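Colleague: Could you walk me through this model before I set anything up with it? I will jump around a bit.

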2 protein chains.
Amino acid sequence: MSDLERWRELGQQLRVDSIRCSAAAKSGHPTSAMSAADLMAVLIDKYLRYDFESPEAPGNDHLVFSKGHASTLLYAIYRAAGAISDEELLSYRTFGSMLEGHPTPIIPWVDVATGSLGQGLPIGVGMALAGKYLDRLPYRVWVLCGDSEMAEGSMWEAYEHAAHYELDNLTAILDVNRLGQRGETMVGWNLDVYRDRAQAFGWHTIEIDGHDVEQIDRALEEASATTGRPTVVIARTVKGKGVKAVEDKNGFHGKALDDPQASIDELGGLRSIRVDVAKPPADATPHRFETRELELPRYEVGEEVATRKAYGDALTALGAARGDVVALDGEVSNSTYADIFAKAHPERYFEMYIAEQQMVAAAVGLQTRGWKPFGSTFAAFVSRAYDFVRMAAISRASFCLSGSHAGVSIGEDGPSQMALEDLAALRAVHGSTVLHPCEANSTAKLVAQMADLEGIVFLRTLRPATPVLYGPDEEFPIGGSRVVRSSDEDDVALVACGITVHEALRAADALEGEGIRARVIDAYSVKPIDAETLAAAAEATQGRIVTAEDHWPEGGLGEAVLSALAEREERARVVKLGVQGMPRSGKPAELMHAAGIDAEHIAEAARKLVGAPVTAAR
Amino acid sequence: MSDLERWRELGQQLRVDSIRCSAAAKSGHPTSAMSAADLMAVLIDKYLRYDFESPEAPGNDHLVFSKGHASTLLYAIYRAAGAISDEELLSYRTFGSMLEGHPTPIIPWVDVATGSLGQGLPIGVGMALAGKYLDRLPYRVWVLCGDSEMAEGSMWEAYEHAAHYELDNLTAILDVNRLGQRGETMVGWNLDVYRDRAQAFGWHTIEIDGHDVEQIDRALEEASATTGRPTVVIARTVKGKGVKAVEDKNGFHGKALDDPQASIDELGGLRSIRVDVAKPPADATPHRFETRELELPRYEVGEEVATRKAYGDALTALGAARGDVVALDGEVSNSTYADIFAKAHPERYFEMYIAEQQMVAAAVGLQTRGWKPFGSTFAAFVSRAYDFVRMAAISRASFCLSGSHAGVSIGEDGPSQMALEDLAALRAVHGSTVLHPCEANSTAKLVAQMADLEGIVFLRTLRPATPVLYGPDEEFPIGGSRVVRSSDEDDVALVACGITVHEALRAADALEGEGIRARVIDAYSVKPIDAETLAAAAEATQGRIVTAEDHWPEGGLGEAVLSALAEREERARVVKLGVQGMPRSGKPAELMHAAGIDAEHIAEAARKLVGAPVTAAR
């Protein structure tokens, strides 16, 4: 059988298998798989270099299904490659099968979860950055993109960054089957539009008939040989290709075919072509950066240092001690202080410009190769990438985010720059860690621990300088807290994080003058939160607790505290102070006061609690 | 004075005033204002049609500062237009002044808040949609864009949608001053790159020297005369233009000038040119759509109907009764059932394709003109637009979002399609309303109320059909809840929303057989939550409460319940059931069980609570 014939047959096999497994599941997106089957047939048989027995091999290419709903095609590839049995293929979408509706990394050969469209290509940019600038290995990143997902702005962020960083190891394969879930895309089959856009963004482009295996072969050859810029293969395809009942027809997205056997017959029946996917060079050794011992910055107690500055200092020190640490920033590195790292470790710093989605996607891509990315921007703008963070958790990704300029304490810039929902949003990410220290030495100690944590780790930092409270040799374990002030006979506990720790201390001073003893807890670890210390405080104070946070009242510290105490036998009575009313511009102190979270409000809440009865349930 | 001379002088005045007010505030972004001053001088003196005394006038043009950090320029315009006094200008960024660091609609002439970059243009698309297709008035939308923000993918979503909808009433003015906050943009002064990209996205383009008022005049003239597509004026400008110490220099972003008086002198000193901004036609009357009486859909008790279907039915009915209701969807209208509305009211439906940021931005833009947008997509993908939702709250915007496919109950499609963080994210939006009904009739009644609420209203709907529990004539007030089942001697309260209401009812059945009486509360209004009913339940059950939600444990129903009860004198003991572990594909019942939120887990939690002691605080 000639190569061309073999590829045509393999394409049909991938179609048939897509139909078979979705028929077994009675759901799935076979028509979206069928349009891209020929593209993938040629890719896996001739161009992909991948060792299925060694998915962690540094030399492996990376294949990303940005159009994750075409998962049946990916699984059909696994069967063709001998990685899964036919029986396993047919377990598609059943409970307990690793072959989920959309690919996730519970499959050993899947790097990242896809299924929220517009994410695979930006993540591929991160992988290609790793290959070209960090690992310095010749692996290629192949991303199968749908045409519908080109409406997501994140795809254009990826286009711009890939060209800016000259990622010639990245190939996007654009499956232009014209039809989305509910109808035609804005562009339809006007391939020249995709070409013009891609070229305007600096890409090499190749337009082909996506069902002509000869053209596909030449295109992938040309993509592999193109240097200095990424290539997009723009393939005109037919959705549902090969089965007349659904070919190029609306209304067949996301459903199994009505008559699978007839469709399989129309495609020439079941095939069992086995593809020996080429293995990457066995001697591929990733580049490693030199390291020396960790020397964290040290700050004097009483000194005024912004925690964002401590982040930059500590990250730079960590970068010197760990060659795997990489920094990314969204064009605000002189505010987040990622610029200190950039100056010290320019080879491991990537400027991501004002493209937060791409920044998080790049972090996800980089960590698939074992790098430890720290991305930073204003915490308010982490919200721009929230879907990417959500998906990163499904990707089982581990990376760190630092969000600066928390809350109203930023002052004059006004509410658009104030993160007030970030604790809620980041707490509600599966497996996340959320940290919000109030001073410099604890920040440095936390940064040093962040790189070792699994999952998504979020550090919230402050714009204004705050006094250093703790010595540089103290420890701040993740999940811990710090009782900053206490006595044997505390009347009330004030639980705070970040800027409000300093307000709580002022409140405690004021209360002391009135004979009320306040315990002050610095809950620098908001998730996991230190339930034990909170429980002890509840017990010591007859359950009187005030929480104060520079955040909306929903989903942040206050509710974390309530959750930690919810099931206890002994009850607590919690007054939760969060930002009241939409903040405006002004001085930090003015805004903290107006928001109802300053020392005065904390003290007032404590007074009321101490004066109020605490009764048992009946 | 000739027009050209006048514009040059006016440009200098806008620069001087930007320097003056930022000097008074000791902060701000004067250099970012100075690059765009000439562009705005010509615009306001000749092209803008705006009645400052009547900002709600339907015929008014809309001027949006997408580069919101150039706020001093906007405020300098207000002084030139006689809308504010010199004294007010100098109140910039002080507490209580309406002239905030970034523009917000507490200023009567500002439609929307900007300051998170990449949002003004997509919102402008919404305004232009309103002008062309709904109001059917000849007002123009002018959007001043920064070049740095072109790195945000949302700008390219706006480009694509503006061209797709042939928005010739929209003009983007791109201030290419080359320098971002920390350095040069990816494109620099290569204006042709911006031109090629814009053309590839279907825009008319004009390249000019942004400091040559004659060229600016001609460009704005040409933009106004261009039909069938939007225009971008690509202006080469100099950051800090006019003050040699900062002109085209890095390191002067976002700070007041060091020597304001010298800079003002260099610019020729204080000026007080008064611009009589042209007024729009006084007789501009927006188009209105015909209406008839509201006839909500009615479902039979016991019938199985998905709440997403009830959303589509009810929205369609509401659209017939209210001519101001508009629907948008992110290319999933056959899943969210927005397609029912689209068929019934095609003139008021906008397909936003897979571009959730643009969808929310369009909603924000549409509501500035009094329309009532309902945007829909999978609830999981609302996370894609979270920064837009956050900013919309600062914009004091009122619109509705419907997120379908909540939680693990969607089944086989897997975690990428499951919204599990949306309640937390949307609760943490200032002034938001969060609704999650469990059946069809209450959904319909809630949809009817949504259009009248202020702020951002989020309705979470279910993929699977659920039995109708309530009659079609019952009422479901916002902030209320429904006690579905209770007795005089309840032992425990089960609080649920959405799919878990049905699980809680099953759990109550099982418990009844064991002699445990469970009250079941349908908390369809998650924010505001019905604290009174919860308190009564706590009182009736000796504080024994189980919450169950198809959502991560953080920030959703459980914590809303805890917050509602936190300050009560009498204590509750709350067991919070939320999704445990990362879900996979499978049948809804399998996934609900694995997640620990099905009837069996609810009953087990209730049993434990009833058997456990409830003690008072000491």
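Modeller: Let me begin with Arg178(B), which is found in the loop between strand 3 (170-176) and helix 8 (191-200) of chain B. Please keep in mind throughout that this is a predicted model.

Colleague: What is the phi of Arg178(B) like, and is the residue buried or exposed?

Modeller: Arg178(B) has a positive phi of about 80° although it is not a glycine, and with a relative accessible area of 14% the residue is buried.

Colleague: Which residue of chain A has a positive phi although it is not a glycine?

Modeller: One of them is His405(A), with a phi of about 60°, and it sits in the loop between strand 10 (399-404) and helix 17 (422-427) of chain A. His405(A) has a relative accessibility of 3%, so it counts as buried.

Colleague: Where are the cis peptide bonds?

Modeller: In chain A a cis peptide bond joins Lys527(A) and Pro528(A), with omega at about -5°, and Pro528(A) belongs to the loop between strand 17 (525-527) and helix 20 (531-540) of chain A. In chain B a cis peptide bond joins Lys527(B) and Pro528(B), where omega is also about -5°, and Pro528(B) is in the loop between strand 17 (525-527) and helix 20 of chain B.

Colleague: Switching to the interface, how many residues of chain B are in contact with chain A, and what area is buried between them?

Modeller: On the chain B side 115 residues are in contact with 115 residues of chain A, and the area buried between the two chains is about 9800 Å², with carbon and sulfur atoms giving 52% of that. Met186(B), Arg384(B) and Arg571(B) together supply 9% of the area that chain B buries against chain A, which is more than any other three residues.

Colleague: And the polar side of it, how many salt bridges and polar contacts?

Modeller: There are 16 salt bridges between chain B and chain A, and 61 residue pairs are in polar contact across the interface, counting pairs with both residues at pLDDT 80 or more. The residues on the side of chain B that touches chain A divide into 43 nonpolar, 37 polar and 35 charged.

Colleague: Which residues make those salt bridges?

Modeller: Among them are Arg93(A) and Asp413(B), whose side chains meet at 2.7 Å, N to O, and Glu559(A) with Arg427(B), also at 2.7 Å, N to O. The latter pair crosses from helix 21 (residues 557-565) of chain A to helix 17 (residues 422-427) of chain B, and both Glu559(A) and Arg427(B) are buried.

Colleague: What about salt bridges inside chain B, say for Arg79(B)?

Modeller: The side chain of Arg79(B) meets that of Asp17(B) in a salt bridge of 2.5 Å, N to O. Arg79(B) lies in helix 4 (residues 71-80) and Asp17(B) in helix 1 (residues 3-25) of chain B, so the pair ties together parts that are 62 residues apart in sequence. Arg79(B) is buried, with a relative accessible area of 12%, and Asp17(B) counts as buried at 0% relative accessibility.

Colleague: And which residue does Glu539(B) pair with?

Modeller: Glu539(B) forms a salt bridge with Arg568(B), with the closest N and O atoms 3.8 Å apart. That pair links helix 20 (residues 531-540) to the loop between helix 21 (557-565) and strand 19 (573-577) of chain B, 29 residues apart.

Colleague: What surrounds Asp422(B)?

Modeller: Asp422(B) lies in helix 17 of chain B and is buried, with a relative accessible area of 3%. Leaving aside neighbours within four places in sequence, Asp422(B) is in contact with Ala379(B), Phe458(B), Arg460(B) and His551(B), and a polar contact of 2.8 Å joins the side chains of Asp422(B) and Arg460(B).

Colleague: Last one: which residues touch the most other members of the largest nonpolar core?

Modeller: Of the 224 residues in that core, they are Leu121(A), Leu170(A), Trp203(A), Leu121(B), Leu170(B) and Trp203(B). Beyond four places in sequence, Leu121(A) touches residues including Val143(A), Met155(A), Leu170(A) and Trp203(A).

Key: Residues numbered from 1 in each chain as written. Chains lettered and ligands numbered in written order. Predicted model: local features only at pLDDT ≥ 70, side-chain atom pairs only at ≥ 80, totals over all residues. Heavy atoms only, no water. Contact = heavy atoms within 4.5 Å. Buried area = accessible area lost by both parts, 1.4 Å probe. Salt bridge = Lys/Arg side-chain N within 4 Å of Asp/Glu carboxyl O. Polar contact = N/O pair within 3.5 Å; in protein donor to acceptor, adjacent residues only side chain to side chain. Nonpolar A, V, L, I, M, F, W, Y, C, P; charged D, E, K, R; others polar. Helix = DSSP H or I, 4+ residues; strand = E, 2+ residues; numbered from the N terminus. Buried < 20%, exposed > 50% of the residue type's maximum accessible area, 1.4 Å probe, protein only. Core = buried A, V, L, I, M, F, W, Y, C linked by side-chain atoms within 4.5 Å.
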